[in-house]
Amino acid sequence: MFRDRLDAAAQLAKALDPWRGKNPLVLAIPRGAVPMGAALAEALGGELDVVLVHKLSSRWNPEYAIGAVDEGGWSFVSDASEDDEAWVEAEKARRVQQLRERRALYSPERPPVDARGRVVIVVDDGLATGATMVAALHAVRAQSPQRLICALPVAAPDSLARVEPYADEIVCLDKPFGFRAVGQFYQHFDQVEDEEVVDCLRRFVRRPGSGGA
């Protein structure tokens with residue numbers, strides 16, 4: 001469906017055209033969505049930052065997300081079968097510490113961009129369980145944005161339904177049945193490293209008219 005994340009961002013920009021030139025704040029979920037977010041913010045004439053959330057892993061399978069947590073410590077547990085409270089609390093503490101380290105790495109020279117009163121577009125490269133997006137939208141909602149938009153190239157239909165109550169608007173290009181993993185909808189789905197995230201953020205704040213310093 002998409003050549004790569006930049007192709008997905010270009011298609012999303014067309015769907016989000018009503019916000020072009022209105023200085024929306026694009027918040028990307030690291031790491032994969034950050035190059036997308038930079039391209040989207042540039043296309044819309046907006047500002048770029050990250051919203052930091054992390055999946056909570058199952059005690060049985062580290063790759064399986066049972067929920068997510070934001071950098072303030074609020075968590076969302078999507079799998080009710082994971083009822084080991086001690087494990088969940090320990091996993092939350094580990095992930096929050098990682099998010100604090102990420103914030104220090106990604107934007108050491110400036111605080112996070114304030115979303116209060118802004119049109120905010122939260123973007124990810126796809127929606128599998130929906131847990132990290134729920135945590136991201138909850139974190140941004142606490143900052144009182146004017147309008148909160150969730151933007152996705154592709155999503156699992158049941159997960160998208162879980163996310164909908166947390167946003168004012170959902171822009172999703174496709175909701176295919178038979179969804180197994182985000183990467184199946186991209187021809188090229190390379191891993192994004194921290195260095196690329198830092199580079200995107202630094203380049204964008206220096207861009208004239210980006211709203212950055």
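The chain contains six helices and eight strands, where helices (H or I, at least four residues) and strands (E, at least two) are DSSP runs numbered from the N terminus. Read from the N terminus, the order of elements is α-β-α-β-β-β-β-α-β-α-β-α-β-α. The radius of gyration of the chain is 16 Å, close to the 17 Å that the globule rule gives for 213 residues, so the chain is as compact as a globular protein of that length. The radius of gyration is taken over C-alpha atoms, and the globule rule is 2.2 Å times the number of residues to the power 0.38. The C-alpha trace spans about 50 × 40 × 30 Å along its principal axes.

The model is predicted: local features need pLDDT of at least 70, side-chain atom pairs count only at pLDDT 80 or more, and totals for chains, interfaces and linings use all residues. Residues are numbered from 1 along each chain as its sequence is written, and side-chain values use heavy atoms, with hydrogens and water left out.

Of the 213 residues in the chain, 50% are buried; buried means under 20% relative accessible area, exposed over 50%, and partly exposed in between (1.4 Å probe, protein chains only). The accessible surface of the chain amounts to about 10000 Å², and carbon and sulfur atoms contribute 49% of this area. Accessible areas come from the Shrake-Rupley method with a 1.4 Å probe; for residues, only the protein chains shown count as cover. Among contacts (heavy atoms within 4.5 Å) with a separation of 6 or more, 65% are between residues 24 or more positions apart.

The chain carries 26 positive and 32 negative charges, and their mean positions are 4 Å apart. Lys and Arg count as positive and Asp and Glu as negative, while His and the chain ends are not counted. Each charge is placed at NZ of Lys, CZ of Arg, CG of Asp or CD of Glu.

Some backbone features fall in loops. P30 and R31 are joined by a cis peptide bond, with omega about 0°. R31 is located in the loop between β1 (25-28) and α2 (33-44). In the loop between α1 (5-15) and β1 lies N23, a residue other than glycine with a positive phi, near 55°. N23 is partly exposed, its relative accessible area being 33%. A positive phi is also found for S144, likewise not a glycine, with a value near 60°. S144 belongs to the loop between α4 (131-141) and β7 (147-154) and is partly exposed at 39% relative accessibility.
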